[in-house]
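Hello,

I am passing a structure on to you. Please open it first, then read my notes below.

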Amino acid sequence: MFLTRIRLNTARAGARKFLISPRAMHGAVTKAFAEGLPAPEAGARVLWRLDRNSRDEVYCYIVSPERPDLTHVVEQAGWPTTQTWETRDYAPFLARLEAGQRWAFRLTANPVHSIRRKDGEPTKVTAHRTPRHQLGWLLQRQEANGFQITAKPEERRRAPGDDYEVIVRDRHAHRFGKTESDGRPNQVALTSVTFDGRLEITDPGALRRMLTAGLGRAKAYGCGLMTLAPVD
């Protein structure tokens with residue numbers, strides 16, 4: 001597995017297109033591999049995420065079974081004469097993960113649930129709208145994915161529900177067209193949010209699988225990739 005980071009030049013039209021269109025960014029990531037997206041290996045797949053640290057500081061992170069070539073992204077949306085991209089072997093880092101370790105994390109995800117408006121109707125997948133429900137979605141998935149979000153000490157809890165070391169931010173609603181495999185046109189609507197927080201590893205194997213296979217839906221469109229960083 002490989003972890004790649006590339007900075008996007010927000011002054012360029014190509015970068016602005018990637019920022020507003022998950023479909024366009026998905027296409028750019030797909031073209032980073034000569035034979036198309038690599039086949040999943042033991043559940044691992046290509047994941048990507050846009051990090052908007054400020055208006056001018058935007059990075060794309062990619063986790064992939066094969067090393068990507070992002071020359072076309074640099075040419076369209078980067079700094080062709082001064083910056084390229086960084087790719088590192090992800091396996092040594094994954095191998096060092098152990099139960100009890102604490103890390104800062106970032107995850108952009110598509111928190112959804114299934115609802116039935118009337119008896120007898122089929123269920124419909126719909127987005128969670130509020131930060132409380134979006135966080136609840138993540139908390140429901142932590143045990144199965146090998147981590148536990150750090151609880152806040154009681155003296156630092158500012159309001160009811162402020163129980164965890166996590167911030168829910170950057171809600172984005174997207175709607176775009178796509179063509180299904182049978183040629184039918186379709187409309188895709190998705191909502192993404194970003195979680196920044198701290199966690200403790202409870203099951204290293206489960207966490208490794210999630211870090212390389214993703215969490216939740218809409219993985220093709222920039223959701224599901226969690227990355228870890230040392231706790232400050």
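Predicted model: local features only at pLDDT ≥ 70, side-chain atom pairs only at ≥ 80, totals over all residues.

Start with the cores. The largest nonpolar core has 31 residues. Those with the most contacts inside it include Leu97, Phe105, Phe195 and Leu211. Several elements each supply at least two residues of this core, among them strand E5 (102-109), helix H5 (131-142), strand E10 (185-201) and helix H6 (204-213). Domain 1 (2-94) and domain 2 (99-230) both contribute residues, so this core lies between them. Look at Leu211 in particular. Among the residues touched by Leu211 are Leu47, Val63, Tyr90 and Leu228. There is also a second, separate core of 21 residues, including Ala28, Leu50, Leu70 and Ala77.

Now the charges. Eleven salt bridges turn up in a search of the whole structure. Arg106 sits in strand E5 and Asp51 in strand E2 (residues 47-52), so the pair ties together parts that are 55 residues apart in sequence. Arg106 also forms a salt bridge with Asp196, with the closest N and O atoms 2.7 Å apart. Asp196 is in strand E10, 90 residues from Arg106.

For contrast, see the salt bridge between Asp56 and Arg55 (3.9 Å, N to O). Asp56 is partly exposed at 44%, and Arg55 is exposed at 73%.

Best wishes

Technical notes:
Residues numbered from 1 in each chain as written. Heavy atoms only, no water. Core = buried A, V, L, I, M, F, W, Y, C linked by side-chain atoms within 4.5 Å. Buried < 20%, exposed > 50% of the residue type's maximum accessible area, 1.4 Å probe, protein only. Helix = DSSP H or I, 4+ residues; strand = E, 2+ residues; numbered from the N terminus. Domains from an automatic or database assignment. Contact = heavy atoms within 4.5 Å. Salt bridge = Lys/Arg side-chain N within 4 Å of Asp/Glu carboxyl O. Lists of a residue's contacts leave out its neighbours within four places in sequence.
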